[in-house]
Amino acid sequence: MNRLPLADATVRTTCPYCGVGCGVTATVTDSAARGVDIAGDAMHPANAGKLCVKGSALGETVHLEGRLLHPEVRGERVSWDTALTHVADGFARVIREHGPGAVAFYVSGQLLTEDYYVANKLMKGFIGTANIDTNSRLCMSSSVAGHKRAFGSDTVPNCYEDFELADLVVITGSNTAWCHPILFQRLKAAKERRPGMRIVVIDPRRTATCDIADLHLPVKAGEDVRLFNALLACLATHGALDDAFIAAHTSGFAAALATAVAQDNHIPHLARDLGVDALDLERFFSWFATTPRTLTLYSQGVNQSSAGADKVNAILNCHLATGRIGTPGAGPFSLTGQPNAMGGREVGGLANMLAAHMDIENPVHRERVQRFWQSPAIASQSGLKAVDMFEAVHDGRIKAIWIVATNPVVSLPDADRVRAALAQCELVVVSDCIADTDTTRLAHVKLPALGWGEKDGTVTNSERRISRQRAFLPAPGEARADWWIFCEVAKRMGFGQGFGFDSAAAIFREHAALSAFENDAVHGLRDFDIGALQAVDAGGYDVLAPFQWPQRLGQVAGQARLFADGRFFTPDGRARFLALSPRGPANATDADFPFVLNTGRIRDQWHTMTRTGLAPRLLQHIGEPFCALHPEDAARLGIAALDIVELESRWGLARARAQLTTDQPAGTVFMPMHWTGVLTSASRVGAVVNPAVDPVSGQPENKHTPVCVRRFEASWHGFVLSTVPLRLPSAAYAVAVRGGKFWRFELAGGGEITDRRELANELLGEWGKEQQGVDSAGPQAQTLEYVDAGRGVYRRAVIAEGRLQSVCFIGPDSGLPERSWLSGLIGRELAPLERRALLSGRPGDPAADTGRVICACFGVGEKTIRRAIATQQLDSVAAIGRSCKAGTNCGSCQPELKEILAGCQAGTVPASA
């Protein structure tokens with residue numbers, strides 16, 4: 001362990017967002033106001049000081065607005081003792097009356113490893129059921145299944161250094177530029193240093209990741225197994241196999257190859273079926289066959305499928321067949337979605353795993369874990385996986401559920417059914433740091449948990465690197481660590497002997513000791529082992545430097561790569577090929593539902609926005625839910641850009657703004673996953689997503705749901721900007737967007753409207769009705785109105801003490817101005833020119849209108865960028881950065897800057913726009 005020198009006021013910690021695991025330095029500048037300066041940790045090997053825009057904005061998310069600060073039972077504040085006893089008694093009663101299988105925990109990749117460990121120990125070793133699953137089921141469980149089937153263990157073989165060492169990087173099912181931006185920038189920098197490095201992107205959509213690609217293969221959704229089977233057959237045909245490696249270190253190759261060869265691999269037929277150009281397909285096969293240092297990066301586009309595990313194994317087959325695994329610059333690399341999905345896997349957080357990467361179906365492993373824990377029971381079979389778990393809540397088999405640090409009413413598929421399930425459940429306990437979420441609204445008991453910056457423990461990133469999250473802010477209100485909450489409930493259930501932990505460090509020591517327990521050649525070697533840390537004391541834990549596992553007892557450093565020696569964790573030590581027959585998605589499109597819905601993340605948001613939604617600048621780039629569709633599909637459906645559209649499946653409906661782009665393949669649509677029922681009236685895409693799952697991994701098929709798409713026929717559109725807190729207005733389409741010191745509401749509705757002034761009052765609530773009566777000549781406040789009944793236009797502005805307090809614009813969508821200029825006026829003292837232009841919604845000085853934000857790091861708008869290109873004759877993204885700073889921090893906006901520049905140079909979009 002290295003002792004890292006720190007300034008007195010600075011704490012080294014780890015970012016709580018994606019699985020890159022970036023190091024962060026946090027310097028408290030104002031303890032009373034929770035002011036914090038955030039920077040990248042230059043000493044952390046995952047990011048070397050760089051942060052994406054989400055990480056850079058972390059300091060804006062640590063305030064206490066909206067926090068859950070006290071325990072509640074049925075809406076009433078209670079003491080911790082009352083709440084904990086209520087939970088313990090409720091679970092004990094259900095177990096006594098219905099058995100342990102009638103209770104469940106649903107936890108999260110947002111938990112620290114120590115929290116995860118205690119929850120898993122309580123459920124599997126003391127309550128005695130494996131009904132504990134995690135939202136990591138939704139993102140990485142197909143990788144877990146694929147790894148275990150091929151390697152005998154859930155092992156990521158490679159490390160981030162391989163991004164610089166590879167000669168060919170294949171990115172499949174990942175918009176790395178937006179979802180793992182620091183890794184994307186690392187890859188981009190490597191390619192700039194070595195232009196001969198080739199990058200292939202395999203994705204139905206053309207995404208920002210394609211900005212650095214030498215080749216983009218827009219393979220149709222669901223065709224991944226066929227593609228990689230064909231690649232395997234091609235490798236055999238062209239003599240690119242590593243026959244010695246196959247013979248010495250693998251089994252099952254003949255069957256896997258026979259299955260791959262049996263499909264139609266004739267290039268013209270294959271290219272037609274995959275939806276790609278035949279020459280491009282041949283080029284990809286040739287590059288893979290002739291490039292020993294090939295690294296394949298994959299993520300949710302592979303995992304989130306009813307054939308996700310097979311897709312993973314199809315990729316692994318190709319790497320095993322060429323011996324390209326765990327060597328510098330070569331191997332399959334799963335990019336983890338969450339900050340601690342890997343840590344959850346280490347402690348057995350999934351319903352089909354035991355702690356320390358042991359198997360729940362293995363009686364030797366079960367006995368070993370029970371003996372180590374000295375627990376009264378041990379789960380004897382796999383528990384219910386996420387989708388099945390909430391189905392069991394719905395049909396009454398599960399009668400008590402504890403949900404921790406996640407929001408399943410938004411994130412799970414068929415989300416309306418999940419909401420209905422929780423609404424009828426006997427006991428719903430939710431631990432969270434946020435008071436109002438779609439899930440906490442259904443809780444009987446709410447338990448206040450610590451948030452990022454307050455809690456203390458470890459997380460594991462995509463390259464198996466364990467890092468510390470450290471507290472730098474005090475616990476607010478009565479919030480407590482998740483591990484403490486679990487321990488206190490365990491004690492009240494009579495399990496005190498196993499939960500006497502007094503610190504996160506004590507839990508980590510036990511976790512490390514279990515990883516090394518009977519982990520040797522005699523008992524069978526396991527991949528996960530951090531035994532070198534099992535005796536770490538509190539001081540050593542405090543300064544624990546990032547390290548990679550395995551780091552076995554006696555080792556002074558972790559291991560960067562695994563499997564280069566050809567030894568795997570199967571009983572015979574050989575990796576396994578799988579014979580894989582392609583199969584289509586579980587639900588096919590038809591005449592009623594002809595489009596394929598794909599869901600995923602966007603650049604500046606995370607999960608259900610309970611953290612990123614607190615930072616106004618993260619909502620400047622994309623503030624509303626959108627549905628991306630091809631212009632030809634839109635024209636056929638009578639949909640124009642920015643129209644509100646409805647997506648409907650057999651499971652539910654959602655509304656969003658139409659975004660027309662040729663980057664979206666015809667016949668498909670894309671809608672982000674982030675928006676909730678707290679922030680919108682009808683934009684939870686999870687309500688639309690089908691609940692089909694992979695039969696092996698249990699991972700939902702979030703990337704392929706048949707839907708129909710239609711224009712929402714709104715009779716009115718509107719928006720509100722207000723410094724006064726308002727409830728989400730009641731409208732068919734309502735979206736709340738946080739601004740700097742105000743809220744923006746985007747609105748639309750159907751039905752006949754006879755009085756738009758009255759509609760404005762309804763949208764603004766009681767406060768709006770009061771403001772309508774304000775004397776416009778009064779010295780304290782003025783209400784300005786504009787009405788054009790013939791055009792259906794109504795506009796209202798309220799000015800208090802010379803400052804703009806609110807505006808409400810209602811009218812046809814085409815008559816509403818852009819929001820950027822008006823948003824900049826809210827809360828400000830108005831200049832005379834601004835005041836005169838107010839109800840027009842357009843500035844008297846065009847230069848004052850910056851347009852929608854492109855660079856969220858520096859708040860640079862599209863119109864500012866276009867004007868700079870035109871007036872300064874900028875000819876590169878770098879020149880744009882020198883002119884207005886856009887793209888010079890995290891770099892995530894650089895692909896969009898490139899598009900804007902190309903449009904201006906081609907004259908397709910006026911530079912003066």
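The structure holds zero disulfides (pairs of cysteine sulfur atoms within 2.5 Å). Cys 234 is buried at 11% relative accessibility (buried: under 20% relative accessible area, 1.4 Å probe, protein chains only). Cys 808 is also buried, at 1%.

The model is predicted: local features need pLDDT of at least 70, side-chain atom pairs count only at pLDDT 80 or more, and totals for chains, interfaces and linings use all residues. Residues are numbered from 1 along each chain as its sequence is written, and side-chain values use heavy atoms, with hydrogens and water left out.

Seven strands form an open sheet of mixed pairing, in the order E5-E4-E16-E15-E14-E6-E7 (strands: DSSP E runs of at least two residues; helices: H or I runs of at least four; both numbered from the N terminus). Strands E5 (76-77) and E7 (132-134) are the edges, each pairing on one side only. E4 (72-73) pairs with E5 in the antiparallel sense over two bridges (pairing requires at least two DSSP bridges). Val 73 stands opposite Glu 76 in E5.

Ser 305 occupies the loop between helices H13 (300-303) and H14 (308-322). Ser 305 is buried, with a relative accessible area of 4%. A polar atom of its side chain lies 2.9 Å from the backbone nitrogen of Ala 307. Beyond neighbours within four places in sequence, Ser 305 is in contact with Lys 311, Asp 694, Gln 699, Pro 700 and Glu 701 (contact: heavy atoms within 4.5 Å).

Notes
Buried < 20%, exposed > 50% of the residue type's maximum accessible area, 1.4 Å probe, protein only. Polar contact = N/O pair within 3.5 Å; in protein donor to acceptor, adjacent residues only side chain to side chain.
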